[in-house]
Amino acid sequence: MAEPTAEHGELPAPEATGDVPASSGTNGARRTPEELVAKAIAPVKSEFLRPPPVRASCSSGQGEAAPEARAGAPQSGLVKEKKSKRQLKRERQQEKKSALNLCPEIAKTGDISSCHYKDRCRFSHDLEAFNNQKPADLEGECPFLGAEEPCPFGLACRFSGTHKDTAAAAATPGSHKKNFEMNSLKKDVQKLLWKNKMRLPKSEARLKTLGLMVHNKSVKKILEEVESKEPASEDCSVANGNGCKDAVPSEMPSNLDHPQEVAKEDGAIAINDAVADETRPPKKQKNVLEEENSTSKAENGTPTLQSASKESHTLTEQEASTDNMMTENDRSLKLHPREKKLIDLRDKLYLAPLTTVGNLPFRRVCKSLGADVTCGEMAMGTNLLQGQASEWALLRRHSSEDIFGVQICGAYPDTVARTVELIDQECTVDFIDINMGCPIDLVVNKGAGSALLTKPMRMKAIIEAASGTVDTPITVKVRTAYFEGKNRIDSLIADIGYWGASAVTIHGRSRQQRYSKLADWDYIYQCSARAPDSLQVLGNGDIFSYVDWNKHKSDCPSLSTCMIARGALLKPWLFTEIKEQRHWDITSGERLNILKDYVHVGLEHWGSDKKGVETTRHFLLEWLSYTCRYVPVGLLEVVPQQLNWRPPSYYGRDDLETLMASDSAADWVRISEMLLGKVPDGFTFAPKHKSNAYDRAENG
């Protein structure tokens, strides 16, 4: 690979436009580092500062548009053309019929007769046309070259020139690789989920025990009947815990706020006190002998010692017979707390579940840089229960992830209980995290995520249903509150432990804040002090250096550990800095090597064919939309960098460092071309997520 030249690095210097660097005042005077920090601007040394580049959209008076890259138009601000589902389906069908879309079986073996579908195959069998139209191989070696088994993409691999004799390798059965992935969706399981015939007896038994499923009616249907007859109240109280009086937004469904007040009227199903503490011993059923004895006691006065002894023996025998009649499912629900699996997160470096960017290749990179605990991206419970392959891909785990969990999201106890049983049955995980803090409108409007913060009784039902269904530890991730200034987790923190959660992660922001302002760590400390000893409390928010980590651990010794989220996106070597207790002034070459590692494991995960290369490129570009906000240590006047600082326009210490500092999507594409070759014709990219931490607060 050729080293980046000046044309890959520095952007062209803008013409005189009167723009003033962000580190200068209105009169052009140089601001002090303290003033810049107060304005949340990174204090870059003056010798590295540069005027902000001029965007094409700025000259038209429209302001700077969202970064987007198009092949052949590096600074284009045009809006990406939207296509209908029918048009996209037609294009996919046409692409499958093209000669470049070679049949996978033929690509593996190179033999046209190897496909058992013959003429019915939807892929191309024209091997000669494929070889004529196939683009040139990419630089480098096939990511599967080190494995003893052949490349699974064969002739379709973009590195096929580096393959050994494919036919000979295919004839030899490959041994099990040391690096492998697990938790894939089996086809027979997917078919059962499609037909809604997957048996999940543990969750059904648990829901019936809690009174949340009677006669195969789901909790949603039960509560809809109840709510139609009973108006929702704004106040809520939590069993065995402190009350909470925060107002519930009118647009939120109040499905499970008062499960104990439901009446049995007109066929409505009563939800009894089963949602009380699981730690309370279950009451014995009152049998006929007890009733007769109680009647005789009331009539004849105090019983003799001999009759009392006979009573006790008879009751003991009946209790034993009752216990023997318990079903296998009932026994599984009555495990002693010591028999449940435990997860110890204390003082471990925990990589948070990160949507889109926190994929398996990224987690592998973070593991190599020092992360101890990893967690998959948030998966919607309903999508998992429907057998959606794209959602199940979020549960994939690599063999290097020694402590791994998955995060799920659901609005109702029955959905979450079935989901955790399905995951426990089909996947290998160390813990299951329930997201109760996601601020995304799409999730909140369905009553999930941070919407649950307004429904403490539903939180209770979800946690009790999940923790009582499986032995796998259940953890919870929450925010401080739904509305800013109305914190409520401190009143629920003790109850969360009693309900069955093994750990709780508190993001020090409300749902209304999203990612604006700084995280409230004082409130996290307050919640940690109120938590029971059996509940591990993790803090989350704005950790971007080992100094931040040390401060939170020393300020609150009861805090089990800290979760690292966006800080790992900007600099995944943050885990190394914390373990080695140093500020790593990483060079551009070292950063490029990390990107190379990501591309290598990405091609292993998504594939080394045309589709896999472009998928790897897409997720690499999504990651680069975050990494451009990192400012090297050697360029700062104040160390360490804070997560909410906005970097001004600056030159790096070499061309590659300058290129990595660019916030232009066109420059991110150029970096991807250094690693994955030229982009296809008509290629476009616009980042999915906003990577800044200083958006305006939204009301949600």
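Student: What should I know about the numbering and cut-offs first, and what pLDDT do side-chain atom pairs need?
Tutor: Residues are numbered from 1 along each chain as its sequence is written, and side-chain values use heavy atoms, with hydrogens and water left out. Since this is a predicted model, totals for chains, interfaces and linings use all residues, but local features need pLDDT of at least 70, and side-chain atom pairs count only at pLDDT 80 or more.

Student: How many residues of strand 9 are buried?
Tutor: Strands here are DSSP runs (E, at least two residues; helices are H or I, at least four), numbered from the N terminus. Buried means under 20% relative accessible area, exposed over 50%, and partly exposed in between, with a 1.4 Å probe and protein chains only. Strand 9 covers residues 503-507, and its buried count is 5 of 5.

Student: Which residues of strand 9 point the other way from Ala-503, Thr-505 and His-507?
Tutor: In a regular strand the side chains alternate between the two faces of the sheet. In strand 9, Ala-503, Thr-505 and His-507 point one way, and the ones pointing the other way are Val-504 and Ile-506.

Student: Which residue in strand 10 stands opposite Ile-506?
Tutor: Two strands pair if DSSP finds at least two bridges between them. Strand 9 and strand 10 (residues 536-540) pair in the parallel sense over 5 bridges. In strand 10, the residue opposite Ile-506 is Gly-539.

Student: Which salt bridge partner does Glu-401 have, and how far apart are the closest N and O atoms?
Tutor: A salt bridge is a side-chain nitrogen of Lys or Arg within 4 Å of a carboxyl oxygen of Asp or Glu. Glu-401 lies in the loop between strand 5 and strand 6 and Arg-363 in helix 13, so the pair ties together parts that are 38 residues apart in sequence. Glu-401 counts as buried at 1% relative accessibility, and Arg-363 does at 2%. The partner is Arg-363, with the closest N and O atoms 2.6 Å apart.
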